[in-house]
Amino acid sequence: MSDFTPNIQAFCCHYTSQQTCVEGKAGLQADGFPATVTLNRAVCTGKLQVSSLLKAFEDGADGVYVVGCPEDKCHNLMGSQRAAKRVAAIKKALAELGVEPERIEMFHLERGFHPELVAVAREMDKRIRALGPSPLKGESK
Amino acid sequence: MIVAERKPIDEIVRMTMSHDRILVLGCRGCVSVCSAGGEREVEILASLLRLGRRKEGKPVTVVEATLVRQCDREYIDGIDKWDGQYDAILSMACGVGVNFIANLRPTDMVYPAVNTSFFGGSAEQGVWSEQCAGCGNCILHLTGGLCPVARCAKSLMNGPCGGSQGGRCEIHPEVPCIWQAIHDRLERTGRKEQLLAISPIRDWSSAGHGGPRKIVRDDLTV
C-alpha cells in the first residue's frame, strides 16, 4: 500500500480555480498542491452532470472532488448547490455498491486566491491514500 | 404520469450478474419526465453498472438506448436493431414497459431497473406526490376534484376519520388531511351540501381486485 499513488480528479468552477490559471501547475505545486490531483475546470459546477463525475471513476480515479462557490454566493446563484446535491447522489450510489462514499466530496470555497484550494487538495490526497486504490477499478478481484 | 424511482444499484447489479452484455433501455414517456428512466438516467445507470460489475470482478458490456415509449408494440419492435448485442434487457421504463417486452419478446431476458411507484405529479422540483389510484370508478365530481381514494391514508369515502388534527393526516402528519381539503374546497365554492350525501359501500371490482383490467374501444379496434 505504501507505494500507492492515488489518481484524484478535481472539478473546479471557473471562479474557484482562478488561482490555477495565474500560477500554473508548477506554481500550484510550489504552494504544496499535491501532484496526485488533476484539476478539471468547468464553467460552473452546476454544469457538471452525475455521469461526468462517474466517468472519472470509470477512467480510473481513486477519488473525485468538486470545488464550487460558497453555497449562498455562487456566481450563477445555485450552481454549487446543484453540484453538492449531485455529489450527494453519487455518495449514496457508492455506498449501495459497498464503496467508501468519502471517495467523492464537495467543497465550497471563496473565489480567487486562497490557501484553502491547496488545503482541500491535500485533504483529499491524505484521505484517498488512507483509503487505498478504488475497488471500482476492479483490481482487487 | 406514472412515477417511478431507480432501484438501489446493488440490487440491479445482483439481479443482472449472470449476464455479460446488457441493453440498458430507457423510455421517453413518464419515467423520463420524473427523471427515473430517461436518456440521462440510462447514462448514469450504465456507468454505475459498469463500475459495480468491475468491483465484483465481472466486467460487463453495456449498450445504452432509449425508446420513445415501452408501452406500445411498434416501439418494442424497435429493439430488433440491437439484436445480437445483448444477453439481457434492463428496462428503465415502468412495469408496463417490462411487461410489454416480456409479452412481445418471448426469449429475451428482461429485468426492471426501477420501482414503479404511483400515478402522480410534481409538487415541486424533485418532489412527486400521489394524486390518483387508478381505481376505475372516478368520484372526483363529488369531492371537489380531490381524491380520497389516493390521498386519504384510509381511502375513506364519507369524510375524515377521527384522527385528523389541525388539517393534517394522523398517519402521515406531513400530509394534509384530504377530507379537510375537500370540505374547505366545497365550502369555498358554495357546494358544501354535497358532503351530506352518504356514499354507499364501494364496489372495488373496477380497482383491479378482480384481476387485470382491460378497456376495449370498438371505435378504435381494427
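Colleague: Which helix of chain A holds both A:D125 and A:R129?
Modeller: Both sit in helix α4 (residues 116–131) of chain A, four residues apart, about one turn of the helix. Helices here are DSSP runs of H or I with at least four residues, strands are runs of E with at least two, and both are numbered from the N terminus. Before we go on: this is a predicted model, where local features need pLDDT of at least 70 and side-chain atom pairs count only at pLDDT 80 or more, while totals for chains, interfaces and linings use all residues. Residues are numbered from 1 along each chain as its sequence is written, chains are lettered from A and ligands numbered from 1 in the order in which they are written, and side-chain values use heavy atoms, with hydrogens and water left out.

Colleague: How far apart are the closest N and O atoms of A:D125 and A:R129?
Modeller: 3.1 Å, and the pair forms a salt bridge. The term stands for a side-chain nitrogen of Lys or Arg within 4 Å of a carboxyl oxygen of Asp or Glu.

Colleague: Is A:D125 buried or exposed?
Modeller: Buried, because its relative accessible area is 13% and the cut-off for buried is under 20% (exposed is over 50%, partly exposed in between, with a 1.4 Å probe and protein chains only). A:R129 is partly exposed at 37%.

Colleague: What does A:R103 pair with?
Modeller: With A:E100, in a salt bridge whose closest N and O atoms are 2.8 Å apart. A:R103 is buried at 0% relative accessible area, whereas A:E100 is partly exposed at 26%. There is also a network of salt bridges that links A:K91, A:E105, A:E123 and A:R127.

Colleague: And how many salt bridges over all chains?
Modeller: 24 by this rule. One of them, in chain B, joins the side chains of B:R105 and B:D80 at 2.9 Å, N to O. That pair links distant parts of the chain, 25 residues apart: B:R105 is in the loop between α5 (95–104) and β5 (109–112), and B:D80 is in the loop between α4 (73–76) and β4.

Colleague: Switching to the interface. How many residues does each chain give to the contact?
Modeller: Chain A gives 17 residues and chain B gives 17 residues, with contact meaning heavy atoms within 4.5 Å. About 1,600 Å² is buried between the chains, 59% of it from carbon and sulfur atoms; this is the accessible area (1.4 Å probe) that two parts lose on being put together, summed over both. On the chain B side, B:L51, B:R54 and B:K55 lose the most area to chain A, together 42% of what that side buries.

Colleague: Which residues form the salt bridge between A and B?
Modeller: A:E58 and B:R50, with the closest N and O atoms 2.6 Å apart. α3(B) gives the most to the side of chain B that touches chain A, with ten residues.
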